[in-house]
Structure formats: structure tokens, C-alpha cells
Amino acid sequence: MNIHIRFFSLSAFLVFLFSCAEVKLIQEYDAVSNNKINLVYERSTKFFTKLKRNVGLPENKYEKHIDFYDDIQSDIHILETRTKAIDKSVIVQKQITALDIQIKSLEQLHKKGFVSKEEIEIIQSAFDQSIAAMLKLQVALKNKNN
Amino acid sequence: MEKNKIDVKELLHSMISASKDVLKKEWKQVAPVAELQIKNILHNIEQIAVLKINGKITEEQAKLHLTIQKESFKTILLSFEGIGIVTAEKTINAALHTVKTTINKAIGWRLL
């Protein structure tokens, strides 16, 4: 009986000690991912600025912007691969998937041609909100240990 | 709902209640910012509807536009969810740190 009590006490104490270790519910901040998100933001802002300036002109044709789509899709692919390697990064992974869907939809719309500056502004507004939300989470992750 | 018209109030209510369901405890904390962002998305949806009704874009284009807005809404919700988890983690670890400090102090050497 005594042995049982001792064993139980020791187990309870070990559980308690174990529970005092730091808890990790979400990934750590990753500077490379944060920089890539900023790069995507920079690229998309430049892209939308050009599009708005050239509405109705041949400069806005999809064929003239294939480089933009190649670059931004490479950025997203790098982000995807990198975050998949980070422990507890499901939320950021889901955000990257959402951004990827947005880029693919944008590309399809671009192939059909934009009708007005307003149409481009509607898309830019959604992109800005998405990237701002992603950066907000990055800031929270960065300040996690402060 | 009348055809070709969007009931913005109804849509706002649906989006806010969907957000509340997803965010649960975090909702109170993020409500002012979240509502503003939801209103921005709704404004964009209204504009897409206007473009479609006026025949400037096709149904297929309207659907692509709506996908972009939907994914933006999803990203915003995910961000709030993530920030909520960071807050929870910080709170738990701060509590554990207090326990650690108290025990170490009581026994006089660094056990934890």
C-alpha cells in the first residue's frame, strides 16, 4: 500500500513538473516567411499601380504581365514549402493557400481583361486586406516571446 | 430578397455571426477591427454586383471576383484565430513561469 502511495505521489509530481514546461500552441516567428509576405505585398502593389495607370491600353494585356505571375507564384510556392516544414504552422499554411487561390483567380480575370479602374481597385482592396491580416499575425508571432 | 439586389444589412449580419462562431472567445477582443474589415469586403461585393448588373462583367468574372473576396475574408478570420492562440499561449506560459519561480524560490535551487 505504502509503495502504491509513493508511486502515485511520484507520478503526480512528475506530471506536475512536466506541466511546468513551456506550452507551444502555435509556430514560432519565421523572419524568412515574414520577408516573403512583404515581398508579395510589394510586388502586388506595384502591379496594381501599373494596371490602374494603364486601363484600356495594350500595356495591360495579360501577355505583358506573365513575369509578375511567375514571380509571385514562385514566392507563394517557397512560402508554402517553408511553412510546411515549421511545426504548428497550420494557420499560416491556410493563409498561404487562400492567397494562392486569390492569385489564380486574379490571373484568370486578367486573361479576360479588366474593364475599369474600379474593377482593379476592388481586387487590390481584397489583396491588401489579406496581406495586412497575414502581416498582423506575423507581428503577433514576433512579439510572442516578449 | 429582390432579384439583382444585395441585402447588405442581411449579408453583414450573416458575416458577423459566422465570424463570431469561428472566433468565439476572441470575438469581443477583435470585434471593432473585424467589423470594419467585413464592411470593406461587403462594399467590394456590392461593387462587383453593380458591375455584373450593368453588364460590365460576365457571371464567370463575377464568380472569380467573389472568390477573391471570400479568400480575403478567410485570411482575416485566420489571422484573428492565430492572434487568439498566441494570446492563449502567452497567458499559459506566463502562469507556468509564475509556478516555476515560486517552486524554485521555495526549494532554494533551480528545479524547474
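This is a predicted model: local features need pLDDT of at least 70, side-chain atom pairs count only at pLDDT 80 or more; totals for chains, interfaces and linings use all residues.
Residues are numbered from 1 along each chain as its sequence is written, and chains are lettered from A in the order in which they are written. Local features need pLDDT of at least 70, side-chain atom pairs count only at pLDDT 80 or more, totals for chains and interfaces use all residues, and side-chain values use heavy atoms, without hydrogens and water.

**View 1. The helices of chain A.** Chain A contains five helices and zero strands, where helices (H or I, at least four residues) and strands (E, at least two) are DSSP runs numbered from the N terminus. Its C-alpha trace spans about 90 × 25 × 20 Å along the principal axes. Of the 146 residues of chain A, 40% are buried, that is, under 20% relative accessible area with a 1.4 Å probe, protein chains only.

**View 2. The interface of chain A and chain B.** In this interface, 42 residues of chain A are in contact with 39 residues of chain B, contact meaning heavy atoms within 4.5 Å.

**View 3. Salt bridges between the chains.** Two salt bridges are counted between chain A and chain B; each is a side-chain nitrogen of Lys or Arg within 4 Å of a carboxyl oxygen of Asp or Glu. One of them joins B:Glu60 to A:Lys112, with the closest N and O atoms 3.2 Å apart.

View 4. Helix 1 (2–19), helix 4 (90–112) and helix 5 (117–142) of chain A each supply at least two residues of the side that touches chain B. Helix 5 of chain A gives the largest share, 14 residues.

Conventions: Buried means under 20% relative accessible area, exposed over 50%, partly exposed in between (1.4 Å probe, protein chains only).
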